[in-house]
Amino acid sequence: MFFKSSKINEFRLWGLLLTMLGMGLMVLGTAGIVFWGQSGKVVAAIGLVIGLIAMLASLAIYFWAGMLSTSAVQLECPECHKLTKMLGKTDRCMFCKTILTLDPTEATITADQLEQQQSADVTSQG
Ligand SMILES: [Zn+2]
């Protein structure tokens, strides 16, 4: 994935970006009529069509993200102890961006080991 964030958050981000892009294109296309008059209408038409497609795509992404989040596994993050959702076997925590995995072969550390490590840290600091 492109950003260091959880998959659900990333879907939302792409949805938002596409919505902004779509709206921007529609506004620019309409502005084309004002600036270039008759010839600007072609630009406006293209802008409106692409803008509409981008908006529809963003809607699809939002819908997809909604569907995915219903099937997402809800769990307490072992790092920050907040309730997060993860998609697939490996995802990042929505809050602290820690990479979480359900696959024991992918894991570098188990939740139990992490807990032991944290309690060891607390005792060594205190
Ligand atoms: Zn976390």
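Tutor: Happy to. Start with the crossing: α1 passes α2 in a left-handed way. Keep in mind that this is a predicted model. As for who takes part, the contact of α1 with α2 is made up of 26 nonpolar residues, 11 polar ones and two charged ones.

Now for the geometry of that pair. Helix α1 covers residues 7-36 and helix α2 covers residues 40-71, and their axes lie 7 Å apart. The angle at which α1 and α2 pack is about 165°. Angles over 145 degrees count as roughly antiparallel, and therefore α1 and α2 are roughly antiparallel to each other.

The domain assignment of the protein chain gives domain 1 as 7-71 and domain 2 as 73-125. Taken over C-alpha atoms, the centres of domain 1 and domain 2 are separated by 36 Å. Where the domains touch, domain 1 puts in five residues and domain 2 puts in four residues. On the domain 1 side, the elements giving two or more residues are our two helices, α1 and α2. The largest share of that side comes from α1, with three residues. By type, the domain 1 side that touches domain 2 splits into two nonpolar residues, two polar and one charged.

Strand β1 takes in residues 73-76 and strand β2 takes in residues 83-86. The two strands run antiparallel, and four bridges join them. Together β1 and β2 form a hairpin, with six residues between the strands. In that turn, have a look at His-81, which has a positive phi of about 60°.

Technical notes. Residues are numbered from 1 along each chain as its sequence is written. This is a predicted model: local features need pLDDT of at least 70, side-chain atom pairs count only at pLDDT 80 or more; totals for chains, interfaces and linings use all residues. Axes are lines fitted to C-alpha atoms, for helices over the stretch in contact, and angles run from 0 to 180 degrees between N-to-C directions. Angles under 35 degrees count as roughly parallel, over 145 as roughly antiparallel, 65 to 115 as roughly perpendicular and the rest as oblique. A crossing is left-handed if the near helix is turned anticlockwise from the far one by less than a right angle, and right-handed if clockwise. Ala, Val, Leu, Ile, Met, Phe, Trp, Tyr, Cys and Pro count as nonpolar, Asp, Glu, Lys and Arg as charged, and the others, Gly among them, as polar. Two strands pair if DSSP finds at least two bridges between them. Domain bounds come from an automatic or database domain assignment. Two residues are in contact if their C-beta atoms, placed from the backbone, lie within 7 Å.
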